Amino acid sequence: MGVIKGVLKEELANSLGMVERYREEVEKLKGALVKKKIGKRRYCYLAKREGKKVNFVYLGPFSGAVKKSDAERKKSLARYKTMLAKVRQQVVFLRRALRGKEAV
């Protein structure tokens, strides 16, 4: 039983590391595409919240390329959120498995 517990503990440590990495990636990808009209032209910004403050990151003039990159960012964000949810479920399962009582 000790070998199995060792493997479960190792897998739990790996899963917790994955949770942290996925959480970091989600934070990097979060934001909303904002179009601002300045004069007669339109420009795109990525709005990100940091605490109570909203920061705008300039992406460039409004174009199809900016829309395409934003769509890819949204797909990546959704994929990382899905993986994060699965790994969190795995962490819960592993913690429950490690809490189980050993048969003597």
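**Entry 1: ring cluster**

I started with the aromatic residues: Tyr43, Tyr45, Phe56 and Tyr58 are linked into a cluster by ring pairs. Rings of Phe, Tyr and Trp (its six-membered ring) pair if their centres lie within 6.5 Å; planes under 30 degrees apart count as stacked, over 60 as edge-to-face and the rest as tilted.

I noted the ground rules. The model is predicted, with local features needing pLDDT of at least 70 and side-chain atom pairs pLDDT 80 or more, while totals for chains, interfaces and linings use all residues. Residues are numbered from 1 along each chain as its sequence is written, and side-chain values use heavy atoms, with hydrogens and water left out.

**Entry 2: the sheet**

I traced the strands next. Helices (H or I, at least four residues) and strands (E, at least two) are DSSP runs, numbered from the N terminus. Two strands pair if DSSP finds at least two bridges between them.

Three strands make an open, antiparallel sheet in the order β1-β2-β3. β1 (32-38) and β3 (53-61) are the edge strands, each pairing on one side only. I read an average twist of 35° from one strand to the next. Axes are lines fitted to C-alpha atoms, for helices over the stretch in contact, and angles run from 0 to 180 degrees between N-to-C directions.

β2 (residues 41-50) is joined to β3 by eight bridges. In this pairing I found lysine 48 opposite asparagine 55 of β3. Helix α2 (residues 64-99) packs on the sheet and touches β1, β2 and β3 (contact: heavy atoms within 4.5 Å). The direction of α2 makes about 160° with that of β1.

**Entry 3: ring pairs**

I searched the whole structure and got four aromatic pairs. Tyrosine 22 and tyrosine 80 have ring centres 5.9 Å apart and planes at 55°, so this pair is tilted. Tyrosine 22 is in helix α1 (residues 2-29) and tyrosine 80 in helix α2, 58 residues apart.

Are these two buried or exposed? Tyrosine 22 is buried at 17% relative accessible area, and tyrosine 80 is buried at 18%. Buried means under 20%, exposed over 50%, partly exposed in between (1.4 Å probe, protein chains only).

Tyrosine 45 and tyrosine 58 pair edge-to-face, 5.5 Å centre to centre with 65° between the planes. Tyrosine 45 is buried at 16%; tyrosine 58 is partly exposed at 45%.

**Entry 4: charges over rings**

I checked for NZ of Lys or CZ of Arg within 6 Å of a ring centre and within 35 degrees of the ring normal. Lysine 36 lies over the face of tyrosine 45, 4.9 Å from the ring centre. Arginine 79 has its charged end over the ring of tyrosine 80, 5.3 Å from its centre.
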